[in-house]
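Here is a short briefing for a first look. Start with the display, then read the points below.

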Amino acid sequence: MTTANKKLVPTVCHSACGSVCGLLAHVEDGVLTKVEAQDMPDPRHRHICARGLSTIQMVYHPDRLKYPMKRVGERGEGKWERISWDEALDTITDKLKKIREEYGPQSLMWCVSTIGGLDLSYASLAGTLQGTFASIIGDGDSAGPCGDMASFGAIWGDCYLTGMENPEVIIAWGTNPAETSVFGMRQIQADRERGARFIVIDPRFTPTASKADQYIRIRPGTDTALALGIMHVILEKGLQDDSFILENTVGPFLVNTQTGLFLKENEVIAEGSDQKFMIWDTSANEARPSDSSNPTPALTGTFTIDGIECKPAFQLLADIVKEYTPVKVSEITEIPEDIIRELALYYAQRKPVASYRGMGMQRTFHGDLTYRAINTLAAITGNLHLEAPQLPVYELYMYLHGIMTCNMMPILKAYDAIETGDPSPIKALWIAKQNWVNQLPDSGRTVRDLFPKLDLIVVADIFMTASARYADIVLPACTFYEQMDLMPPINVVPSMPAYFKLQQRAIEPLHEARPDTEIVRELARRLDLGEYFENSDEQMIELLLSTGYPAEMGITMEKLKQGPVKAPRRPDIPTFSTPSGKMEFYSEKLFGLGQQLPCYKEPLESVRTPLSQKYPLTFLTTHTRFRSHSTLANVQRLRELEPEPFLQMNPSDAEPRGINDGDIVRAFNDRGTMKLKVNVHQAIQPGTVNVNQGWWPEDFIEGTHQELTHSVVNPAQDLIYEPNSAYYDVLVEVEKVREG
Amino acid sequence: MSKRYGLVIDLDRCTGCLTCIVACQTEHNLEQISGIRVETVGGTGRDTPSGTYPNFSMHYLPIPCMHCAEPPCIPACPAEAISKRLDGIVLVDEAKCDGCLMCMDACPYGAIVNKSNTNTVWKCTLCDHRIEQGEVPFCVDCCEMEAMFFGDINDPSTQVSQWAEKRNAYLYKPELDTNPGVRYCPPRDKQK
């Protein structure tokens, strides 16, 4: 394979996409000449896409940051002066020490977008310093996980919904895997070829929808109501799967209707356990612990036990579902009643049904309830695959020094911490592999209200991103071809390949770029913490592999250097990691917020609220095959495929505004504005407009999509796991600027 | 029958990911142009359907050089720069091409592109350099949905022929009697 000047390096595509495909890099005289898909143990997992192929143009892009720079004008003014690495790191260190002295170590925050890997060295440093590490799962991806955490006790529950063999019907809810989740789409295509019926529910007619047997438009943000309406029809017809509900859900567990808590054995029997759930045994006509021998538990009814009124959780679900008649749900979702009834029959009578739930759908303010409603629908019809997600990804990195003690702060909470100092002030912000201004919500708030509160902003990146422009010091970082890393098995969707993968260094760092791990080591040394950061990248990976799960599974560096190694299933993960050990469609924890059961709430910025008088259009910012978030937006080959941003608008919305296809329009709300070209067509639902996200500020005529979004915290999500950025829960108005 | 290399493209599998376009560019070091393009068969713009809701229709059509048995580009070229090999691959000899672009007009599939930096034309070679190494064309190798099949379309035992047979492959613009070496499997009918 290797000659003197030519080599093939197995590595991974680590470019802000969750698939992390195995790549084979061709290197000649130290120059990356070509990439191709790497052979995988399972050929179905061999894959490369237009983005992966284009990453070479990212590496050799003329605009790469080449050396450290310090700001010499105002923040964002774009005036820079080249400095040495030593000067950059010394200056940063002095500033960090001063800020730590004045405001405490928690005021130092790192914001690093990572899907695992040694980028977590920043978290390790933050932890060692007792500093703060921003959790960026709330950058659009945490509402669904909140729902899954409540339902299953696991943050990525797609395995339960899509892991079954040979589904008869596949329902894609608000998801476009043809563009954003190739392994999911490959599975769907294979199932279609086998004869499965494919249904897509989406406000947009997407490449995925083009493959559907049935495409159903829905008013954005109302999927929860649809799931409840389907459940209404199922319960009305008595088509629920009682034995599945009894066996696998909290359905038979009695709930104290006053406190909203599950009744426990010790509330009924003096010496009883406070852990045991109670059921109503219809044969004995009394409440008994759920683990009694041969009970006949009731799923419905109201029972009084020692003066306490109780109902089985399933009865409480039935009570709430009763409210969601097809008439009402049709009015909410704008889906005809007969389609709601038809979907009910699929779920109940064409099993198994695989429900692919999109991340787009959960980017509404109550996206956690949407996931919970669909999970509940799947559970009461017995359409859950009873196998837990394979591996808690981050556990892999717990052996990095300090990582378990760092103060993790959800990104939306960090907005408040920076702006108001609550719960603790943040005064230094270090951004790496993250483009806050471009990709996090309400960029106006960030630039106007947050950044001025910071005494130091450092950005390590490969380009002068929208965020780097606001830095005091920018540091040139490496692309993934220039640094070594260990990629964890990620199988968010069961069809996604779960492998340990080694990201091998294919080429030396370009210009003066340094790997983030080296930046961390240098910084730690200056902060007198060098002793904790002596390991090289390879040593760190050896350490991670030598402990816990990878060691038990026999994953070694030698094996990984040859190529990806399949992550064996962990034997010790319970089916559901909820407090009850069952699928919990009823969540005690959320009783106080009135969300103990899935229920429909209008989107925060709904077209049915008074705000819509001023801003009548729902605004989406969907993901595409042309970029990975803002990564690769400046790469020529991908720009040839999609040269500029455009607003997608239905003719019925364009016409009354005098807008024609190709015109320049302005989308705006109280938070900001965005000027761009418009595409008028039928692929988007009336009342909804969309721009493919990830474009950089210079790609718009004026403003950006992120000026329009908001950063409002959802309290239920805050309570369960982490509040999400509700990017798809935004109202705007659109006006014509000029003819195209 | 003699060997004839060709492609079978399953339009039901194709999701319009456009990876083939970039694969061709990277394999052949092309800027701005590619040996394959992908059209949306539906509405007027990319990724838009024809029809009205709920009766939308859309699919994608990747169009490389068809490597015709009777290629209209060959007689159209005054410089005699285009030739057909015995294995069916139609190639442009860039050294002979003087950039008159007559072949571009002659090709009914729009498969020949103008390589402006060298003032020649360029088109899909079926990655003849890879075929010689026993590999498949790079677009086929990279196809996300495994919708492209390469092989001897004259040999009924090959995977490519069998896929064409099983999925009722059709010829693009058969009325032109070009006898394309690229065959298309139609999108499946929607289930009622």
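Is B:H67 buried or exposed? With 28 C-beta neighbours inside 10 Å, B:H67 counts as buried. Buried means that 20 or more other C-beta atoms, placed from the backbone, lie within 10 Å of a residue's own; exposed means 12 or fewer, and partly exposed lies in between.

This is a predicted model: local features need pLDDT of at least 70, side-chain atom pairs count only at pLDDT 80 or more, and totals for chains, interfaces and linings use all residues. Residues are numbered from 1 along each chain as its sequence is written, while chains are lettered from A and ligands numbered from 1 in the order in which they are written.

**Backbone angles in chain B**
- Most residues other than glycine have a negative phi.
- B:H67 is not a glycine, yet has a positive phi of about 45 degrees.
- B:H67 sits in the loop between strand 3 and helix 2 (73–76) of chain B. Helices (H or I, at least four residues) and strands (E, at least two) are DSSP runs, numbered from the N terminus.
- B:D177, also not a glycine, has a positive phi of about 55 degrees.
- B:D177 is exposed, with 11 other C-beta atoms within 10 Å.

**Cis peptide bonds**
- The bond from A:K351 to A:P352 is cis, with omega near 0 degrees.
- The bond from B:Y53 to B:P54 is cis, with omega near 5 degrees.

**A sheet in chain A**
- Three strands form an open antiparallel sheet in the order 21-22-23. Strands pair if DSSP finds at least two bridges between them.
- Strand 21 (485–487) and strand 23 (565–566) of chain A each have a single partner strand, so one side of each lacks a neighbour in the sheet.
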